[in-house]
Structures are given as structure tokens and as C-alpha cells.
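Colleague: I have a structure open and would like to talk through one part of it. Could you show it to me here?
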Amino acid sequence: MMSSATDHRRGPRRRGAELEEAILRAAREGLIERGYAALTMDWIASRARTSKAALYRRWSNRAELVVYAQGQLVRSLVSTPDTGSFASDTHALLRSLADLMDSEYGELLRGVLAEVTKNPELAAETRRQLLETGPYLVDEIYRRGIERGEVRPELRGTRVMTVAQDLLRNEFVIRGTPITDTVIKEILDTIYLPLVRVQ
């Protein structure tokens, strides 16, 4: 039997955004504390002090919930910089993402990435949500760069547009954190900017 501390029926009833945030927070905490393999919808519901049915009304399975929780965290913590130039905007974005990877989020991301390689359901859900939402932060910066005549418009929406972010993620996976400004500058100046800048 559930204790009164975790029995959602004995706590204040939450709805809408408040309940959703409690569920997403519980999912992220579960990833860090237990890892994806040991994380269950029952556990998330108990930690969020709600019913399992409340989870399934919003997400069809554990993979969908976990990937969504991760994406929402990034959206809440990282904004699109607008410094006036494409190069400095991109540098500021990579710096923000690198700092995020060096926080508790990094442990969450490591857990998801480790499971993606061995869990087909999680891998499929990760791909689906990435394709649906797109690299929205990079895309906004790139769109402004096109308007200012700084970058090649034909590369918007291609793999080339996201190379800098992809290389940063690779640095995180292979070498860990912290990721220095020297690394970010190398990604930008020697690889990314030469690829996308208008010649």
C-alpha cells in the first residue's frame, strides 16, 4: 500500500500545467536516480503523486514521456541568443548548451544516449520527436543569419546547419565536461563557419 507521502489521492489535486510539470520533473529525477532501464511509469506516477492513467492520457509510453521531458527541460533553460551577428549568436548558443551539459542535465542526457543504442523503442521515439520539433534554436539563429546575408540560405534545414551542435554533443559524449571556450571556438572557426558563411 502506498504511503500518504506518495498517495496522490491524499494530496492536493493538481491539473493542467502544474500536474504536467510534476510528471516531467519526476521523469527527469527517475532517469538520474534509476536510469532508463529501471524507470517505470508506475515509479514516475508515484514520484509525481498522481495516477498512472494521468501519464497515459498525455504520453503513450515511457519512451515518449522521457524524450519529451528532456526536450522541455532544454526549452526552459536555453533561449535563442540575439547578439546581432550569426557567429556570436552561435557561439553564445553553444556556450549555453555546453554549460547545460555540465549540469544535472548532463547526467540525464547521458542516460538517454546510453539507452538509445540498445532500446529500439527509445531510439525510435527520440528520432520521431527530433524530426517533429526540429533544431529550433539553431534554426532561428540561422534564419536571422540569412536575413542579414551572413549564411548560405540553401543550407537551412539540412544536416550542415546543425553541424556545430552535433559536434558539441559528440565532444560531450567522447570527452565529457566541462567543454571549454577553446573547443567551442575550434568547432566554429575551423569547421562550422567556413561551411555555412556566404563566400
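Colleague: Which helices do the buried residues of α8 pack against?

Modeller: This is a predicted model. In it, the buried residues of α8 pack against α5 (86-101), α9 (163-175) and α10 (181-196).

Colleague: Which residues of α8 are buried?

Modeller: They are Leu137, Val138, Ile141, Tyr142, Arg144 and Gly145. These residues cover an arc of only 160° around the axis, which puts them on the same side of α8.

Colleague: How many residues does α8 have, and what span does it reach?

Modeller: Helix α8 runs over residues 136-147 and has 12 residues. From its first C-alpha to its last it reaches 17 Å, close to the 16 Å expected at 1.5 Å a residue.

Colleague: And what about the phi of Gly149, which follows α8?

Modeller: The phi of Gly149 is positive, near 75°.

Colleague: Changing topic: how many cavities of 30 Å³ or more does the structure hold?

Modeller: The structure holds one. The volume of the largest cavity is about 70 Å³.

Colleague: Which residues line the largest cavity?

Modeller: The lining includes Phe86, Thr90, Leu93 and Leu94, together with Val138, Ile141, Met161 and Tyr192. The elements that give two or more residues to this lining are α5, α8 and α9.

Colleague: Which element gives the largest share of the lining of the largest cavity?

Modeller: That is α5, with four residues.

Colleague: How do the residues of that lining divide into nonpolar, polar and charged?

Modeller: Eight are nonpolar, three are polar and none is charged. Val138 and Ile141 are among the lining residues, and both are also among the buried residues of α8.

Definitions and conventions. Residues numbered from 1 in each chain as written. Predicted model: local features only at pLDDT ≥ 70, side-chain atom pairs only at ≥ 80, totals over all residues. Heavy atoms only, no water. Expected span 1.5 Å × (residues − 1). Buried < 20%, exposed > 50% of the residue type's maximum accessible area, 1.4 Å probe, protein only. Arc of directions from axis to C-beta. Contact = heavy atoms within 4.5 Å. 1 Å grid on protein atoms, 1.4 Å probe; cavity = no way out; pocket = protein on both sides within 12 Å on 5 of 7 lines; lining within 4 Å. Points joined across faces, edges and corners; volume = space filled by probe spheres on them. Nonpolar A, V, L, I, M, F, W, Y, C, P; charged D, E, K, R; others polar.
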